[in-house]
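Here is a short report on the structure below. It starts with the nonpolar core, then takes the chains and their contacts in turn.

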Amino acid sequence: MTEHLPALQTALPLLAAPVCVLLRRAALVRVFAVLVTWSCLAIALSLLQEVLGHGEISYALGGWVAPLGIEYRVDILNAYVLVLVATIASVVIAFPLAGRELRIPKERFFLFYALFLLCLAGLLGITITGDLFNIFVFLEISSLSAYALIGLGRDRRALTAGFSYLVMGTIGGTFILIGIGLVYQMTGTLNIVDLSQRLPPVLGTRTVWMAFAFLVVGTSIKLAAFPLHQWLPNAYTYGPSVVASFLSATATKVAYYVLVRLLFTVFGFAFVFERVQLSALLLPLSLIAMVVGSLAAIYQTNIKRLLAYSSIAQIGYMTLGLSLANLDGLTGGLVHLFNHGLIKGGLFLVVACALSRVESPRIESLRGLGKRMPWTMAAFVVGGLGLIGIPGTVGFVSKWYLVLGALDQGLYFVAFMVLASSLLAVVYVWRVIEVMYFSDEERAPERDDAPLSMLLPTWVLIGATIYFGLDTELTAGVAEQAAAYLLGGAS
Amino acid sequence: MNILGLWNYWIVIALMMIGLYILIARENLVKKVMGLNIFQVSVIMFWVSIAKVRGGTAPIVPEGGGDVIYSNPLPHVLMLTAIVVGVATTGLGLALIVRIHEAYGSIEEDQVREMDRAEE
Amino acid sequence: MNPGDAIGLSVMLPLLGALGIALAGRYPNLREAVTLVTAGAVFATVLNLVPTVMAGGRPGLEVFQVLPGLTLAFEVEPLGMLYALVASGLWIPTALYSIGYCRGHGEENQTRFFVCFALAIFAALGIAFARNLFTLFLFYEVLTLSTYPLVTHYGNDEARRAGRTYLGILLTTSVLFLLLAIVWTWQLTGTLEFSPGGILAGRVDGPLVAILLGLYAFGTGKAALMPFHRWLPAAMVAPTPVSALLHAVAIVKAGVFTVLKVIVYVFGIDFLSETEGSVWLMYVASFTLLAASIIALTKDNLKARLAYSTISQLAYIVLGGALATMDGVFGSGMHIAMHAMGKITLFFCAGAIFVATHKKNVSELDGLGRTMPFTISAFFLGSISIIGLPPTGGAWSKWYLALGAAEGHHAVFIAVLMVSSLLSIGYLMPIVGRAFFFPSSEKQPAQSGGLAGFWAGIEEAPLLCVFPLCLTAAGCVLLFFYAPAILELLQTMSLVR
């Protein structure tokens, strides 16, 4: 049984999705989906344990051995990402759906769960597979269900947001497909490990350069890396908060994983950073993303859009870590993948809690909620501190590594910018906090907090941002191992 | 191999650009989906064309075996999946357009955007 | 008690106290009892550590490791001991005073107030006992954030603006400069542990020493070096007990304490005096010292005047550290205690005057000496201590600061110290003079002589306000006689490797 865990990791949610449609009863489906997702988490955790204890796992799907068959390959990097995705999914799926945020009536909630499980299957599939074409297929599974999930938002603008996400996402996906085709043309293989051995002799060819360009741009669209981020703000703003929570914490993170995998495993450090010199492009773009994303967040009037722009800035941190291309920097990027997932997932759940009591996600409508919903708003404050990077929160751990990585390279300006942009985070976080806690009303409003069933998942994520800010064994420890493993060939 | 010898790539590039142009230039959402389709088809053609081996036949082992050159079957198989993805994308896109039409009464992007702006 | 446990207990007690206060929020008497019991217990626990430290012991407590090499760990050394004593000791009178002030003034949200107060003390003790820069930075930020609700206590527009300035400056400097300096230090040395003689010696040279010191000195926004001093006057919108304990003792002392710790245990005074990396800091501190005194002269609002006086006095401590001599460091260490006692007295008085008469400005205090004799007398003693005249503690610390300047062959700073003392006479004494000798602008109290008339004329603030301020005023005098004990404590500090 245990040797089939890698296959079960994706097969379970994939098969469970149609079952949801068959079950139909909202309460029943919810319990079922929760159980499935939690099993996924259990599988992911045992895979991570296995990898940490016994090294890489290679699983030949259907018994066809790589490179002919599709190989599922779990190493420390994707085991780590699997745990993140499964954790966030487990928390978000337990969050009760609010009818007022969804366009479908209660008796059709099973569709939401079916889509959610499909998306989860796709994300886990991308992460676990060791085959480039398989990555494309799972990427499309997750993206297609994500477009639909965004389109479920109550606001009619969710539909147009979902549609433009679909257009952008499909362009990105198709670019990836072209890239895969070009690579296949040169090497005749799709297996990632196999590719890493067959590519080096042909790295000089123009075809490989083209493949590289298509793959990087395609992945960057899915990642919403600046300046390919335009789909993200609308999607997160008008999609249901629960969906925004899930996608912001997982979809972009998995795309980041794909990028890391492509750059370090498939193409290799020497090609990417010495011949192509990707850093010369990625580093300035990351810095701009950090600053522009944060500045844009400062001027938003809608809290969901504010968080969306903040995501763009935070993605900038992750790509910055990547472009520093040293141990500390890459560790910072990878650890921020996990940390930002927790923070942003938690913050969007806070918004979901707040929207169970107030009508609109405009920041103005949060006025005085600090008294009315103390636990919800306290969660926002803690999550916000994480975004800023106050010591004791996860944000600090990421920033620590990123600054260290920049100093290692002698890039003092970059180190300064990382810190400066976290001050911009102070501004946009505090704007909201001021509105929440300083109300001009004379009488304190009645306490009317979100129900425990909402607060509990929210606080699990928010609490985790503190826990992993202090105990970094699982996050920074594993991320550092993963970074060392990725850079192993380079140094 | 001269420029014309790579004619399959020229077709792919032409189709791709037509698709992208429609995506960018047209306001009608259905036309955008069409553009997306053309764009995707161009890539499928690219994959299929690179599978062709000069002088190769269909990849079927002749009776009694023998040394036959045959074209690479794998890209064809992969493209079956890509076509399915394309169909799913088109389906979802059209479904969204139906909903947009219900919500806005229009499927012209500029009009929809105008309505959104008026709402704010 | 095992010293390690005592450290853990003294840090955790305020946190538990905060929890208890929050739980007891509905019952004001119980809540205040929790505050007082916690304050007493914390001080007793901290006091318990003194003999060990005096004997040269350096008890420590490692909590856990956050990142490889970065541990949350505590270790008590003389400077931290002194700061912890000051912060926890003065919490007791402040707690009493807060009760009198808040009730006398009918404050809202008292529970939040007392909870945040306890959290601030928790952070201050964490800073005091920090064994490494990481722990110190962690608690430094906790202190900033836990006091934000206190600064913005009134929740009006003015408080909101002040809160922005407060948080803006403190977070900007700490994140932008201090954190950068810490990461940089880690990158250069691979350690953040405070160690005698410093960790940077031999690892950096040339202008980098001055740059790093600059990042540390300006990064510690709580030390209120110009031009990052604006938050302190802004924070004066807070209720007076907050200004008294936090903006005269816990927070600002946390700032200068951090600077001193960095100078002594990260750079090492020998290293600094060899490389002369701190000479510029002496001038910046001197400028702050004089400029703040001059601004204080122009302020009519009593709390604003005291705030600028605080900025000026903090610069003394930074100057003492920057001199990089043993006596300078001793003087600075002593001044942490002396100035704390003096300035808390002054703030208590300002608050008492406000509660009793609702007067905020110096120009309105004419003749107040007759109605509030105890308060004004206490103010007088506090002023003497700030100015640095015997028989108050302030005399000793200034003496050692001057000695430190002489030892470092920087005689010009002795002159600076003297001029600034004159200036402090200029901004503090007129207040006392007005209160005692000017005729009251309002009603004339009945001039019946004798003791009975004296008692009849008194219109003091509530007893819970007046008692603590008399206590701290007495403390100013007592410190004059206990200064040798403080010096003895500081002299157990190992300044060289």
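## The nonpolar core

The largest nonpolar core holds 436 residues, and the members that touch the most others are Leu117(A), Ala87(C) and Val318(C). Helix H9 of chain C, residues 240-267, gives this core its largest share, 20 residues. The model is a predicted one.

Val318(C) has a list of partners beyond its neighbours within four places in sequence. They are Ala217(C), Ala223(C), Leu225(C), Val256(C), Val259(C), Leu281(C) and Ala285(C). In soluble globular proteins, nonpolar side chains tend to be buried together.

## Chain A

Chain A contains 20 helices and two strands. Its radius of gyration is 21 Å, close to the 23 Å that the globule rule gives for 491 residues, so chain A is as compact as a globular protein of that length. The C-alpha trace of chain A spans about 75 × 55 × 40 Å along its principal axes.

Buried residues are 65% of the 491 in chain A. Take the contacts in chain A between residues at least 6 apart in sequence: 79% of them join residues at least 24 apart.

Confidence in chain A averages a pLDDT of 88, and 98% of the residues score at least 70. Within chain A, helix H15 (residues 369-372) has the lowest confidence, with a mean of 80. H5(A) has the highest, at 92.

## Chain B

Chain B has four helices and zero strands. Read from the N terminus, its elements run α-α-α-α. The radius of gyration of chain B is 21 Å, well over the 14 Å that the globule rule gives for 120 residues, so chain B is more spread out than a compact globule. Its C-alpha atoms fill a box of roughly 70 × 35 × 15 Å along the principal axes.

In chain B, 24% of the 120 residues are buried. Of the contacts in chain B with a separation of 6 or more, 48% are between residues 24 or more positions apart.

## How the chains meet

Which of the two pairs of chains in contact shares the most contacts? Chains A and B do. This contact takes 21 residues from chain A and 25 residues from chain B. On the chain A side, helix H5 (132-151) and helix H6 (157-187) each supply at least two residues. H6(A) gives the most, with 13 residues. By class, the side of chain A that touches chain B has 11 nonpolar, seven polar and three charged residues.

The contact between chains A and C takes 22 residues from chain A and 18 residues from chain C. Here helix H17 (394-408) and helix H18 (412-437) of chain A each supply at least two residues of the chain A side. H18(A) brings the largest share, nine residues. The side of chain A that touches chain C divides into 17 nonpolar, three polar and two charged residues.

Chain B and chain C do not touch. Their nearest C-alpha atoms are 29 Å apart.

## A residue in chain C

Ala33(C) sits in helix H2 of chain C, residues 28-54. Is Ala33(C) buried or partly exposed? Ala33(C) is partly exposed, because 15 other C-beta atoms lie within 10 Å, whereas a buried residue needs 20 or more. Ile21(C) is 12 residues away from Ala33(C) along the chain, and their C-alpha atoms are separated by 8.9 Å.

How values were computed. Residues are numbered from 1 along each chain as its sequence is written. Chains are lettered from A and ligands numbered from 1 in the order in which they are written. Two residues are in contact if their C-beta atoms, placed from the backbone, lie within 7 Å. Ala, Val, Leu, Ile, Met, Phe, Trp, Tyr, Cys and Pro count as nonpolar, Asp, Glu, Lys and Arg as charged, and the others, Gly among them, as polar. The radius of gyration is taken over C-alpha atoms; the globule rule is 2.2 Å times the number of residues to the power 0.38. A residue is buried if 20 or more other C-beta atoms lie within 10 Å of its own, exposed if 12 or fewer, and partly exposed in between; C-beta atoms are placed from the backbone. A nonpolar core is a set of buried Ala, Val, Leu, Ile, Met, Phe, Trp, Tyr and Cys residues joined through C-beta atoms within 7 Å. pLDDT is the predictor's confidence in each residue, from 0 to 100.
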